[in-house]
Each structure stands twice: as structure tokens, then as C-alpha cells.
Amino acid sequence: MLSRVAERLFWSARYLERVENIARLVSVYDELLYDLPRDVRVSWYNLIEINGSPQEYSENYSDHGEKSVMRFLLSDKENPSSLLSSLFMVRENIRTTRDVVPEEMWELINEVCLHAKKHIQSGINRADRHAYLNTVIEGCQKINGLLGSVMSRNEAWSFVSMGRYVERADMNTRILDSAVKLKLQSPPEEHVLLDQVIWAKVLKSQSAYLNYLRTMRIGIDGVNTALFLLTDEDFPRSQAFCLKQIKNAAAYLPRHNRVVSEVTKLQDNTYDIEQEGDISQALSDYLNDIQLALIALQNDIRETWFHFSEGEAS
């Protein structure tokens, strides 16, 4: 497989996962703000911090209000990680790799792009936001379902799988970190109110709510939510599951030793969470270190397969 084809497959999967993650995050955060008591101070700007974009945001927006945040996250063409920008990057990458993906994928991604662009104002406006985001999420899931059901488990699938799970692992840490920071930044008298709402929303943002209840068989709290999303090996959005899938996909490819070794280091880098006091700045620092390690892993993937001197990935 040509290295440029491998790279486009990797990034098409990353961007598709990013689109779904943005839609999920905005939808659940929308619910969170209206479920919290009015005296609990939570800002829309937290979404910008979750996505790691404060600098890019400040270059074009002067306020931290809902409309500005929604425009930046959903429609801003200058934001390469916005929902529309990411969708169009999926479309462009698939356009140039149509010979190695299911033929129906081109039609499906065009449908999602056209709907998302045509109705983008519905996402920015509060009244129709939930329906708009749900349609986008369903479109992404339809494409992923197509890939999972008809794509051969070959080199192309390995790059798609790595892209998807690198992006998913990154967002998993960002969502968890945002919840930890919300709690750390809030006054102690608000902690009980936050705990009653925020951890359930964290689980729902990952479609993990029912899986958590079935697996953990305990009430929802910060300790068990963090444990589940970091260590459960069977839930497809947990950190442990994502790292395992990245490792399996990389191991299928030639010259995989460097990447597999780095994933193994990530798997071995754990943080003990046993009591409420462990939901602390140390956990936030740990999650930030994991994000940096995932960036380094992405660079290893690029240098191993996408910038191969002979112009081939395998």
C-alpha cells in the first residue's frame, strides 16, 4: 500500500471519529448546563478547553458566549477541528482513496456533509441543536458500521482502526480531564451538586451509561466512572480498549516494533484510583501526560509508515 494512501485512511478515520466526538460532546454538555442548578458556575468556554483550542479561539473571538463557542466548534472554517472542517477532511481523504474503501462510503459521507452544511444553523441555535447533532452522529455511525461489516481486515483496515482509536483515546482523556477540572475549580459546597450530575453526563458522552451500570454494579461517582473509562477492557470507548485495538492494528503491519513498544508503555502507565481524594490535580496531570503520549504515538505512526523513504507503507 502506498504511504500516502495509508495516511489518508488513517486521517479519514480520525476525522470521522472527531466529528462524532464533537457532536456527542456538544449534545451532552448542552444537557449538563440545563441539569445543573443555576448557582453552579459552568461556562460554555469549557468546551474550548476540552478541545485544547484556547489560542485558536482567542484569535477570532472576543467573548465566551454560547453562540461564539458553537460557531467555533461546529462551523468555523478557520478551525481545522470544527465539525464541518473535519467532515470535509473526511470527504477529501475518502475521495482520493475510493479504490480501497467500500464503494458506498463515498455516497454516505456526501450525504452527511450536505446535511451538516445545509442545516448548520440548526446546530448553532439552541432549539434544534439536539436533533441536528443526533443526525450527524447517526451518519457517522452508519459509515463506521459499513466499514466494520464489509471491509477486509487487511492493511487498509489497520490504518483505519489506528486512526479511529487514537482519536477516541485522546477524546476519552479530554472528557475525563474536563470533569476533574470542573470539580477542582468549583467551591467545596458545590461538589455534591456537581457529583450528582457531572459523572452521569461524562458516561453519557461516551455512550457508557448502561454499560457502566451493568459492569460496575454500583452507583455513579467519580472514582468508579474514571476506573471504568480508563481500565475496562471490554467497553469500546475505554482507554484500555482503545490502546489494545491500536496495538493489534499496528502489529498486523510491517516495521511495527517502535509503535507497538510505545503503545505498551502507554498500557503500563497507570494511575491508581481508589478513593475520592484520587480525583485530584494528580489525575488531571496524568491525563494530560497521556494526551502528550498519544501525540508522540501519532508522530511515531507517521514516521514509521507515512514518510517511508521508498514511498510505500507496506
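**Close-up 1. Helices α13 and α15 pass one another in a left-handed crossing.** In this predicted model, the axes of α13 and helix α15 (residues 281-306) come within 13 Å and cross at roughly 10°. Angles under 35 degrees count as roughly parallel, and α13 and α15 are therefore described as roughly parallel to each other. On the α13 side the contact is made by Q239, L243, I246 and A250, while α15 contributes I290, L294, L297 and W305.

**Close-up 2. Y165 and F241 form a tilted aromatic pair.** A pair of aromatic rings is described by the distance of the centres and the angle of the planes. For Y165 and F241 the separation is 6.0 Å centre to centre, with 55° between the planes. This pair links distant parts of the chain, since Y165 belongs to helix α9 (residues 155-185) and F241 to helix α13 (residues 239-251), 76 residues apart. Y165 is buried, with a relative accessible area of 10%, and F241 is also buried, its relative accessible area being 15%.

**Close-up 3. W11 and Y15 belong to an aromatic cluster.** The structure holds 14 aromatic pairs. In the pair formed by W11 and Y15, the ring centres are 5.5 Å apart and the planes stand at 40°, so the pair is tilted. Because W11 and Y15 are four residues apart in helix α1 (residues 3-35), about one helical turn separates them. Y15 counts as buried, at 11% relative accessibility. Together with F10, F159, W305 and F306, the residues W11 and Y15 form one aromatic cluster; W305 of α15 also takes part in the contact between α13 and α15.

**Close-up 4. Charged side-chain ends sit over the rings of W157 and Y209.** The charged end of R153 is placed over the ring of W157, at 3.9 Å from the centre of that ring. In the other example, the charged end of K204 sits over the ring of Y209, and here the distance from the ring centre is 5.1 Å.

**Close-up 5. N21 is a buried residue of helix α1.** The relative accessible area of N21 is 2%, and under 20% counts as buried. Leaving aside residues up to four places away in sequence, N21 touches E167, R168, M171 and R237.

Note on methods
Residues numbered from 1 in each chain as written. Predicted model: local features only at pLDDT ≥ 70, side-chain atom pairs only at ≥ 80, totals over all residues. Heavy atoms only, no water. Phe/Tyr/Trp six-rings, centres within 6.5 Å; stacked < 30°, edge-to-face > 60°. Helix = DSSP H or I, 4+ residues; strand = E, 2+ residues; numbered from the N terminus. Buried < 20%, exposed > 50% of the residue type's maximum accessible area, 1.4 Å probe, protein only. Lys NZ or Arg CZ within 6 Å of the ring centre and 35° of its normal. Contact = heavy atoms within 4.5 Å. Axes fitted to C-alpha atoms, helices over the stretch in contact; angles between N-to-C directions. Parallel < 35°, antiparallel > 145°, perpendicular 65-115°, else oblique. Left-handed = near helix turned anticlockwise from the far one by under 90°.
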